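Colleague: I am new to this structure and would like to learn how to read it. Could we take one feature at a time?

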Amino acid sequence: METVFLGIMIPFIGTTLGAACVFFMKEKLSEGVTKALSGFAAGVMVAASVWSLLIPAMEMSVEHGMGKLSFAPAVVGFLLGIAFLLLLDHVIPHLHVNLDEAEGPKVSLAKSTMLILAVTLHNIPEGMAVGVVFAGMLAESETITLMGAFALSIGIAIQNFPEGAIISMPVCASGAGKKKAFLYGMLSGVVEPVGAIITIALSRFLIPVIPYLLSFAAGAMVYVVVEELIPECAMGKHSNIGTIGFALGFAVMMAMDVALG
């Protein structure tokens with residue numbers, strides 16, 4: 001269980017390290033860097049959704065004897081994940097992650113609070129994804145290995161790094177101070193290990209629906225990519241930087257998942 005605990009804490013560590021950037025970097029990142037980071041995070045999340053979530057969901061459905069209908073849980077779960085994040089986007093007021101608007105000395109504390117809510121909201125499916133994968137591993141599924149579960153955790157930690165900076169730097173610019181900004185950035189990632197632990201704790205009741213939960217997490221993550229990260233990359237000039245970042249992130253996560261899985 002110590003290994004599992006380490007695995008579910010890795011994404012939180014990524015967020016914390018990103019938030020710590022407020023101590024070492026300027027309050028405002030360049031447009032090119034923000035596009036590259038957003039693109040890289042998007043690539044990691046899409047690759048993780050495919051190789052770590054959707055494909056294992058279909059393989060587990062085959063194990064459960066669904067045969068040619070093994071795609072059904074993946075499709076249903078994926079669409080439910082999209083619908084769930086769409087509902088949250090409408091029910092919970094939050095600020096879409098836009099670094100160009102979020103940074104600078106004129107940022108209000110209220111706007112920074114909305115930014116924290118936005119990133120925290122989007123960490124929910126990521127924590128759930130890690131929890132479901134480790135739950136599948138603990139259930140001794142042939143399609144999910146310990147190293148494969150760690151690959152997903154590391155991939156999410158990589159894309160969490162810029163998210164931590166996205167929060168801490170604007171909060172610092174609003175006048176909150178570096179220590180408080182770091183704390184806010186770090187706390188935005190707490191929802192991930194909490195969600196993972198709850199999912200694992202309920203895993204014995206969820207084993208029959210793990211394929212649906214894996215694909216649900218994939219749908220939620222893809223929603224975040226399409227709704228938040230890709231528009232961030234495409235805005236303004238030099239959108240090709242975001243595209244290059246996406247390609248690199250996708251390639252890194254794909255290689256990690258195949259090599260470690």
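Modeller: Start with one residue, and keep in mind that this is a predicted model. Leu 183 is found in helix 7.

Colleague: Is Leu 183 buried, partly exposed or exposed?

Modeller: Buried means under 20% relative accessible area and exposed means over 50%, with partly exposed in between. Leu 183 has a relative accessibility of 37%, so it counts as partly exposed.

Colleague: Where does Ser 70 lie, and is Ser 70 buried or exposed?

Modeller: The loop between helix 2 (31-63) and helix 3 (71-91) holds Ser 70. Its relative accessibility is 13%, and therefore Ser 70 counts as buried. Apart from neighbours within four places in sequence, Ser 70 is in contact with Met 58, Ser 61 and Val 62.

Colleague: How many helices and strands does the protein have?

Modeller: There are eleven helices and zero strands. Read from the N terminus, the order of elements is α-α-α-α-α-α-α-α-α-α-α.

Colleague: What share of the residues counts as buried, and what share of the contacts is between residues 24 or more positions apart?

Modeller: The protein has 261 residues, and 52% of them count as buried. Among contacts with a separation of 6 or more, 86% are between residues 24 or more positions apart. The accessible surface comes to about 11600 Å², and carbon and sulfur atoms account for 74% of that surface.

Colleague: How many aromatic pairs does a search of the whole structure find?

Modeller: The search finds five aromatic pairs. In one of them, Phe 23 and Phe 182 are 5.5 Å apart centre to centre, with 50 degrees between the planes, and the pair is tilted. Phe 23 is in the loop between helix 1 (2-19) and helix 2, while Phe 182 is in helix 7, 159 residues apart. With a relative accessible area of 36%, Phe 23 is partly exposed.

Colleague: What is the geometry of the pair formed by Phe 134 and Phe 150?

Modeller: Planes over 60 degrees apart count as edge-to-face. Phe 134 and Phe 150 have 80 degrees between the planes and 5.7 Å centre to centre, an edge-to-face pair. Phe 134 is in helix 5 (residues 109-138) and Phe 150 in helix 6 (residues 146-176), so the pair ties together parts 16 residues apart in sequence. Both Phe 134 and Phe 150 are buried.

Colleague: Which residues form one aromatic cluster?

Modeller: Trp 51, Phe 246 and Phe 250 do.

Methods:
Residues numbered from 1 in each chain as written. Predicted model: local features only at pLDDT ≥ 70, side-chain atom pairs only at ≥ 80, totals over all residues. Heavy atoms only, no water. Helix = DSSP H or I, 4+ residues; strand = E, 2+ residues; numbered from the N terminus. Buried < 20%, exposed > 50% of the residue type's maximum accessible area, 1.4 Å probe, protein only. Contact = heavy atoms within 4.5 Å. Areas by Shrake-Rupley, 256 points an atom, 1.4 Å probe, with all protein chains shown as cover. Phe/Tyr/Trp six-rings, centres within 6.5 Å; stacked < 30°, edge-to-face > 60°.
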